Amino acid sequence: MVFAHRIFETEFAGRTMSFEVGKIGMLANGACIVRYGETTVMVNVTMSKKPREGIDFFPMSVDFEEKLYAAGKIPGSFLRREGRPSDRAILASRLVDRPMRPLFPKDLRNDVTIIMTVLSYDPDCSPEICGMIGASFALSISDIPWGGPIAGCAVGLIDGEPVLMPGEEQQQKSTMNLTVAGDVNKVCMIECAADQVPEDLMMKAIIAGHKEAAKMAQFIADVKAEIGVPKVPYTEVVVDPELFEKVKEFAVDRVREALDTDDKNVREERLKPIEADIHEKFEEEYPDLAYQLDEAIYKLQKFVVRRWLLDDGKRVDGRKLDEIRPLSAEVGLIPRVHGSALFTRGQTQALTITTLGAVSEAQILDGIGSEDRKRYMHQYNFPSYSVGETRPSRGPGRREIGHGALAEKALLPVIPSVEEFPYAFRVVSEITSSNGSTSQASICASTLSLMDAGVPLKAPVAGISCGLVTEGDRWITMVDIQGVEDFFGDMDFKVGGTKAGITAIQVDIKIDGLTYEIIEEALRKTREARFYILDEIMLKAIPAPREHLSKYAPKMLTLKINPDKIREVIGSGGKVIQKITAECNCKIDIEDDGSVFVSAIDIEDANRAIQVIKTIAMDPEVGAVYKGKVTRLMAFGAFVEIAPGKEGLVHISKLDTKRVEKVEDVVTVGDEVLVKVTEIDSQGRINLSRRDVLEALAAKQK
């Protein structure tokens, strides 16, 4: 689409945001370059000219492309070029997809692609928000059918006050990382990571973010009115009203009976003969409309579920609107792993395993952001058997990465600092059965698994979802939605948190937006539900983190040494540190600031390694006792190595409590002996005594 070269500018959260059109991407349906501070994002949107045949969904793809040149970096791979998208890029793509997808026509079957390319990265100006707003701008002025515009805004929380589009320094101080998207009137997406923020403060931040986003949405609407082009027609997929009424009359009672169960498998088996009967009857009666029958069956099920909820306050499994499915929790069920837990909610079930490792085993990140390591890693797997299907496993997709990131956000605020608990964590949630809200089940299972592993969490975290059904101005919400309610409903409002407040939010909707009243009710209902889950289920399974780690988990000790001594601990070519790790059967990691982390399965091995490092890094003290190894024998005494590279002399007169004629009569090379430092002379030479140690031991025995 060819546009005249123009630049449009507006104020956004105290900075100028500009949109340039007509210069780049002239063959796309819509394109723009967004500039905010020194962040620059190029956005191109395209749509295929013909619809896809034989599909029943809208085929849209959203790609957020991190180019490492944007941050002045060269990729770390062997090819030295960007490879598969980073988790951050995938999460950014999902962040943009969620508020935009509901605003496309539900029966659009043309392929639509949104590509956001980060050309320049300013850490004070979020490229994700620029990409979202740029995509909205490009779609709005294009000929692609879309019901926008929308806009998004990032919100931090500093000293209890919302901060719009916080810079990098402010983000470090903020207790919340919230993204709100919406149009001029309603909120259409919420994503949040927070440090136990109360619901009232969360609502205040959501409103502040939405108001700023609404201003931007209005600005884009004004530009659209000025330079936007007419939307192209598309092939509508609409069920013939007469056919639908006939199908409903024929099968509505049977569909009601089939759906009235809390068992997903039973429901599906009941529906199969009904669907077969509908096809048999109406393919003959309406041969030209036979292709619409599957859509008519879907529409009929949706009609039944929504009428139950809106008219009767009834749910398919008979629960009340604020009632949670049956819950259970179990910990410590897998041997040899460091921590394990199974959490079940109805037919949704998550098995989570915790593995503890050395701090050096933190994940290395290669992206445009300043974060280069991740100590807490949460991964989520969704195998096909969890929904009773069969397909080969091909590794994690965007959904798995997104759900894992949501659980990670929920748990991260309660993970102890490295000073409090010097470990790296890998937590893996295996979804063993899925019937709605598996990500929230994984939050609960992960909390239990971490507690089973002995991780001293600041507070336990639970997760729960809230659904929504709307009709005109009418709406109702229901807590703990199962799959069919998610499928036919209008919202999946997921909230993780502790008793003190919210740690994570993710909201998916299928309508044009949410009012503040709906959001407030969802926050209230999820708060009450997670309190119940914590008190009645999780804390009864394990009331507090275990006091001791698994015998199979590495035991970690830490030490702080003078950074100037790091070279001595490592030794030439790493010889010293390699010797310590081999002799003490441990792993040692040293940070540039002098922080030393020693891990070993046996705590005694770790203690020995710490003692050796102390001896190397800290000058031996007169009066201290060390366990050393005899390295050389001389006529006048024996040399004992009390630490790699540190030897002292035990004079023949100090070898034993009795007179020693020959050194060889008492010790030989390789013997391990306890010695006491008696003197360190002006040249740094160490004099040791074995006799003093033996006399002290004899005195204790008396």
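Tyr298 is partly exposed because its relative accessibility is 27%; here buried means under 20% relative accessible area, exposed over 50% and partly exposed in between, calculated with a 1.4 Å probe on protein chains only. The model is predicted, so that local features need pLDDT of at least 70 and side-chain atom pairs count only at pLDDT 80 or more, whereas totals for chains, interfaces and linings use all residues. Residues are numbered from 1 along each chain as its sequence is written, and side-chain values use heavy atoms, with hydrogens and water left out.

Tyr298 forms an aromatic pair with Phe487, with 5.5 Å from centre to centre and 80° between the planes, an edge-to-face arrangement. Rings of Phe, Tyr and Trp (its six-membered ring) pair if their centres lie within 6.5 Å; planes under 30 degrees apart count as stacked, over 60 as edge-to-face and the rest as tilted. Phe487 also counts as partly exposed, because its relative accessibility is 48%. Distant parts of the chain are linked by this pair: Tyr298 belongs to helix α7 (residues 293-312) and Phe487 to helix α10 (residues 483-488), 189 residues apart. Helices (H or I, at least four residues) and strands (E, at least two) are DSSP runs, numbered from the N terminus. By the ring criterion the count comes to 16 aromatic pairs. Ring pairs also join Phe8, Phe19, Phe137 and Phe219 into a cluster.

Charged side chains were examined against rings as well. A charge sits over a ring if NZ of Lys or CZ of Arg is within 6 Å of the ring centre and within 35 degrees of the ring normal. Lys314 places its charged end over the ring of Trp308, at 4.8 Å from the centre, and Arg15 lies over the face of Tyr36, 5.8 Å from the ring centre.

An open sheet with mixed pairing comprises 5 strands in the order β11-β12-β13-β17-β16; two strands pair if DSSP finds at least two bridges between them. Its edge strands, β11 (327-331) and β16 (376-381), each pair on one side only. From one strand to the next, the twist averages 15°. Strands β16 and β17 (residues 424-433) run parallel and are joined by 6 bridges, and His378 stands opposite Val427 in β17. Helix α9 (residues 438-452) packs on the sheet, touching β11, β12 (339-345), β13 (348-357), β16 and β17, and its direction makes about 145° with that of β12. Contact means heavy atoms within 4.5 Å; axes are lines fitted to C-alpha atoms, for helices over the stretch in contact, and angles run from 0 to 180 degrees between N-to-C directions.

Strands β7 (residues 151-158) and β8 (residues 161-164) run antiparallel and are joined by 4 bridges, with Leu157 opposite Pro162 in β8. The hairpin of β7 and β8 has 2 residues between the strands, and Asp159 takes a positive phi near 55° there. In the loop between α2 (127-141) and β7 lies Pro149, which is joined to Gly148 by a cis peptide bond with omega of about 10°.

Positive phi values also occur in two other loops. Arg336, in the loop between β11 and β12, has a phi of about 75° although it is not a glycine; Arg336 counts as exposed because its relative accessibility is 58%. Asp480, in the loop between β19 (474-479) and α10, has a positive phi near 55°, and Asp480 is buried because its relative accessible area is 0%.
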